[in-house]
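Please read them with the model open.

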Amino acid sequence: MTTLTTQAAPQALFERSIDVLACPYCGAGVRYDGEKIHCQDCEKSFPVDSGIPQLFAPHDPAQQKGDVTEIVKAFYEENPFPNYDDIDSEQTLMEKAGKGVFARLLDEQIPQGALVLEVGCGTGQLTNFLGMRYNRRVFGSDMCLHSLRLANGFRQRCKIKNAGFAQMNLFRPAFKPAVFDLVVSNGVLHHTADPLGAFQSIARLVKPNGIIIIGLYNKIGRLTTDFKRFLFRASADKLSFLDAHMRNKNYNQDRKRAWFFDQYKHPHESKHTYSELLNWYESNGFEYLSSIPKIDPGPFTDEEKLFVPHDKGTKLTRWLTEMEMLLTGGADGALFIMIGRKSRKAEPTA
Ligand SMILES: C[S@@+](CC[C@H](N)C(=O)[O-])C[C@H]1O[C@@H](n2cnc3c(N)ncnc32)[C@H](O)[C@@H]1O
């Protein structure tokens, strides 16, 4: 096997894991020749930029979905999200993630030795955080190269060995099907032209009995954001201080701008309900395990077991949870997260 030592060489994680990569055009395995990554079947080849394999493949133009992908890609190349603060370090990233219950619980509960993929990792905070553990491999993928450079720059500065970043279009995965113990995609699918198709595309990457975690904007909870968007537009953004993130003294200007554009100036977003996402899970061979905010009765605690099956409630209780998101102000853009487990019998799909 070629030793990956040139400046262009992909990050160490890819050297250890080239066997899980796949050609985004035809799905065949790939090899690295010291300069580029090559498909072993269809003769396509892919450059490596500053250690980041560029495995992005555009949509099939016949599907006419390319437009949204290209528009959203251009938007994030201008506004990488969520970006970093000036003083961010391994220590501060751990502190921030520790305050966010979801990332901390996830880090604690991912099984030893897991192979993890974050789809739409943006500037890579979650991938880098999860990659700080030994005995785990965490890939972050996104179509935006600007975000990936920031993500990989942070990874290199903090010497995070078990994280790695690649450019990829989630509709054309650059990984083999059914290889990941966990696939997580938070705040991404609602920025595509076909969120269900996007879900099905990345669900194929999960092993039988593996876990999927999807975070989407909530249809009801996000009405608060819709209202603020209207106010900001009407005031030529003079009222932007009404958003708590814009008053956060710990954010630098880049992070404030990233937040404001992501929430209020985005060229494409859709909104979804718990019942809809649950239906995606169940009709694609995934068992419901848990959600944030919870849809089963009882408070979400520091001890919550993310990968243990919880009660999925009824249409009414799920709707009540969404109303609660609205009444509590639709914090953090009103994202809701659902966790599911793939059936053991699921066949690896091509
Ligand atoms: C709102 S950001 C979320 C970033 C990160 N997951 C987080 O929670 O901070 C959405 C990200 O999804 C990525 N994205 C959107 N459509 C994509 C696609 N078709 N393929 C890959 N990435 C995509 C964007 O480039 C962007 O970085």
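1. Terms and numbering. Helices (H or I, at least four residues) and strands (E, at least two) are DSSP runs, numbered from the N terminus. Residues are numbered from 1 along each chain as its sequence is written. This is a predicted model: local features need pLDDT of at least 70, side-chain atom pairs count only at pLDDT 80 or more, and totals for chains, interfaces and linings use all residues.

2. The ligand shell. Which helix gives the most to the shell around the ligand? Helix H2 (residues 66-78) does, with three residues. There are 21 residues around the ligand, and Gly120, Gly122, Met143, Cys144 and Leu170 come nearest. A residue is near a molecule or strand if its C-beta atom, placed from the backbone, lies within 6 Å of it. By class, the shell has 10 nonpolar, nine polar and two charged residues. Ala, Val, Leu, Ile, Met, Phe, Trp, Tyr, Cys and Pro count as nonpolar; Asp, Glu, Lys and Arg count as charged; the others, Gly among them, count as polar.

3. Two domains. The protein chain is divided into domain 1 (1-51) and domain 2 (56-222 + 266-342). These bounds come from an automatic or database domain assignment. The domain centres, taken over C-alpha atoms, are separated by 25 Å. How many residues of domain 1 are in contact with domain 2? There are 13, and they meet 18 residues of domain 2. Contact here is a pair of residues whose C-beta atoms, placed from the backbone, lie within 7 Å. Helix H1 (residues 12-17) gives the most to the domain 1 side, with four residues. By class, that side of domain 1 has eight nonpolar, four polar and one charged residues.

4. The four-stranded sheet. Four strands form an open sheet in the order E1-E2-E3-E4, with antiparallel pairing. Strand E1 (30-32) and strand E4 (52-53) stand at the edges, each with a single partner strand, so one side of each has no neighbour in the sheet. Two strands pair if DSSP finds at least two bridges between them. E1 is joined to strand E2 (residues 36-39) by three bridges. Valine 30 stands opposite cysteine 39 in E2.

5. E10 and E11. Strand E10 (residues 286-292) is mostly covered: five of its seven residues are buried. A residue is buried if 20 or more other C-beta atoms lie within 10 Å of its own, exposed if 12 or fewer, and partly exposed in between; C-beta atoms are placed from the backbone. E10 pairs with strand E11 (residues 335-342) in the antiparallel sense, over six bridges. Serine 291 stands opposite methionine 338 in E11.

6. Helix H4. In H4 (residues 101-109), Phe102, Leu105 and Leu106 are buried. Why are they on the same side of H4? They cover an arc of only 100° around the axis, which puts them there. The arc is that of the directions from the helix axis to the C-beta atoms. The buried residues of H4 pack against E10 and E11.

7. Helix H10. The buried residues of H10 (residues 274-283) are Tyr274, Leu277, Leu278, Trp280 and Tyr281. They fall within an arc of 155° seen down the axis, so they line one face of the helix. On the other side of H10, Asn279 and Ser283 are exposed. The buried residues of H10 pack against helix H7 (195-203), E9, E10, H11 and E11. Just after H10, glycine 285 takes a positive phi of about 80°.

8. Cis peptide bonds. One joins phenylalanine 81 and proline 82, with omega about -5°. Proline 82 is in the loop between H2 and helix H3 (90-99). Another runs from isoleucine 292 to proline 293, with omega near -10°. Proline 293 lies in the loop between E10 and helix H11 (315-327).

9. Alanine 178 has phi near 55°. Alanine 178 is in the loop between strand E7 (163-167) and strand E8 (180-186). Asparagine 209 has phi near 75° and is found in strand E9 (residues 206-217). Is asparagine 209 buried or partly exposed? Asparagine 209 is partly exposed, with 13 other C-beta atoms within 10 Å. Alanine 178 is also partly exposed, with 17 such atoms within 10 Å.

Notes. Contact = placed C-beta atoms within 7 Å.
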